[in-house]
Amino acid sequence: MLITSKPLFVYLQRPDTGEWVTVGRYQAGAAGDGYFRYAPSYADAGLSWAVDPVNLPFQPDVEAAAPRYNGLHDFLRDACPDGWGQALLRREHNLPQHTPLVRYLVLASNADRWGAIAVGTRPKPSVAALATPKLPQLYKVIEELAALQAQQPPIHVQLRRRLMETASVGGARPKATLQDENGDYWLLKPGLASDIADIPSLEHFAQHWGALSGLRFAPTVLHPAQAGRSAVRVLRFDRQRERRAMCVSAASLLQTEYPGNLSNDRWSYPRLAEELRRIGAPSQDRRELFGRMVFNAVCGNDDDHPRNHAIVFDADADADAGRWRLAPAFDVVPNPADTPPYLAMQLSSGRFDIARDAVLADAHRFGFDNREQAATWLDGLLARIAGSFDEAASALDDAWRGAMAQRLQQNLSILRGSRV
């Protein structure tokens, strides 16, 4: 287990030059507490990028305590593996089910973490590059992921070793990073034998539909089933070729735990919009968030929890030193079992229900001047969503195309109110 008297050093890939620097030091305490302090060398070099603009603004003389995750700071929780990666690490290191998150943080490879953060036990950064599988190996990767999930011996031994290095990638389902011929990085997510629907096709459909509706959704590519498993490939917004981009989850911005927090009172689209304003994101990002909330309601994506939203640092922004932006939408998958009447995040204060009043009640928090302006914008978006359905639904089979068309009409009726 981690020796709590020894510090864990945190490294950051600079957004301007790509150089790795030591940004700070994390200290875990014996009583389940933890503290982070920006490194003096980081401040002395004139660097001031905050690793978390809400919970850890750049204050070089402050020893900041971690209020959540049993003493692990939110941005480090973001860099931890989630369900899939934790399962791999438990198996590889024979860990108990309730292993502390900080243990997963230390054991996971820096080579493929989410965002631009890495950790180590030495003051000087040392971050190995990932020997990423290439696109022509896609179906071998799918095959090996299936063997991993089934706890079977390796089919492709070298590929298995590479996949074990991606244990830091988040999410509950099996996944791996692939690099295409242009040097771009994609997250590959195959279907599972236990799925009640073709989840990769549904995700590709929803992501493409959102983009066709004029919203900023991460690009996807659907790979048809081979040996019974289809897969979706999602472009990683935290990578620009070899350069990593700083990212922070909405769970961190909203100062709430996910998973593990039984209370979802802070899970709120309007609250997240206000955090975007607070950290200096441009006003159009709040309108974009409003649009995603509406799109999730229309398509029935009720897995819109706060770890499925994020911000990403744009080093090329017009602001002097870059700025935080709402990340492209990701993990948007219509509920495959039912048409949900609620979302995971509040649409307005205290309301999770999919209704026109709920959508418009807190419209001013998304930057609209008044309810009437928001209503006009909403109706325009609903028209674009409806108008782009047929093109997006070409990715679905006849049964699912019909089911989603019925869901679309049902939710359009609800969200248009009297404008049916």
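## Helix H7 and the residue that follows it

Just after helix H7, Gly 214 adopts a positive phi of about 95°, in what is a predicted model. H7 itself covers residues 199–212, and its 14 residues reach 20 Å from the first C-alpha to the last, close to the 20 Å expected at 1.5 Å a residue.

Most of H7 is covered, with eleven of its 14 residues buried. Among the buried residues of H7 are Ile 199, Pro 200, Leu 202, Phe 205 and Trp 209, and they also include Glu 203, His 204 and Gln 207.

## Helix H10 and its surroundings

Helix H10, made up of residues 283–299, has 17 residues and reaches 25 Å between its first and last C-alpha atoms, which is close to the 24 Å expected at 1.5 Å a residue. Because 14 of the 17 residues of H10 are buried, this helix is largely enclosed by the rest of the structure. Just after H10, Gly 300 takes a positive phi of about 80°.

Asp 285 belongs to helix H10 and is buried, with a relative accessible area of 1%. Not counting residues up to four places away in sequence, Asp 285 touches Arg 216, Leu 276, Arg 325 and Leu 326.

In soluble globular proteins, nonpolar side chains tend to be buried together. Here the largest nonpolar core has 92 residues, and the residues with the most contacts inside it are Trp 209 and Val 294. Helix H10 gives the most to this core, contributing eight residues.

## Two helix pairs

Two packed helices are described by the angle between their axes and the distance between the axes. Helix H12 (residues 371–387) and helix H14 (residues 398–416) pack at an angle of about 170°, and their axes are 11 Å apart; since angles over 145 degrees count as roughly antiparallel, H12 and H14 are therefore roughly antiparallel to each other. By class, the residues of the contact of H12 with H14 are eight nonpolar, no polar and one charged.

Helix H5 (residues 138–149) and helix H6 (residues 157–164) pack at an angle of about 70°, with 10 Å between their axes, and H5 and H6 are therefore roughly perpendicular to each other. In this contact, Lys 140, Val 141, Glu 144, Leu 145, Ala 147 and Leu 148 of H5 meet Leu 159, Arg 160, Leu 163 and Met 164 of H6. The contact of H5 with H6 divides into seven nonpolar, no polar and three charged residues.

## Val 312 in strand S13

Strand S13 (residues 310–314) holds Val 312, which counts as buried at 11% relative accessibility. Leaving aside neighbours within four places in sequence, Val 312 is in contact with Phe 237, Ala 245, Met 246, Cys 247, Arg 323, Trp 324, Arg 325 and Ala 327. Val 312 and Val 298 are 14 residues apart along the chain, and their C-alpha atoms are separated by 26 Å.

## Backbone features in the loops

The peptide bond from Tyr 258 to Pro 259 is cis, with omega near -15°, and Pro 259 lies in the loop between helix H8 (250–253) and helix H9 (269–278).

Asn 70, although not a glycine, has a positive phi of about 55°. The loop in which Asn 70 sits runs between strand S4 (64–65) and helix H2 (74–78), and Asn 70 is exposed there, with a relative accessible area of 75%. For Asn 94, phi is near 55°, again a positive value in a residue other than glycine. Asn 94 is found in the loop between helix H3 (83–93) and helix H4 (101–107), and is exposed, with a relative accessible area of 70%.

Technical notes. Residues are numbered from 1 along each chain as its sequence is written. Side-chain values use heavy atoms; hydrogens and water are left out. Axes are lines fitted to C-alpha atoms, for helices over the stretch in contact, and angles run from 0 to 180 degrees between N-to-C directions. Helices (H or I, at least four residues) and strands (E, at least two) are DSSP runs, numbered from the N terminus. Angles under 35 degrees count as roughly parallel, over 145 as roughly antiparallel, 65 to 115 as roughly perpendicular and the rest as oblique. Ala, Val, Leu, Ile, Met, Phe, Trp, Tyr, Cys and Pro count as nonpolar, Asp, Glu, Lys and Arg as charged, and the others, Gly among them, as polar. The expected span of a helix is 1.5 Å times one less than its number of residues. Buried means under 20% relative accessible area, exposed over 50%, partly exposed in between (1.4 Å probe, protein chains only). A nonpolar core is a set of buried Ala, Val, Leu, Ile, Met, Phe, Trp, Tyr and Cys residues joined through side-chain atoms within 4.5 Å. Contact means heavy atoms within 4.5 Å.
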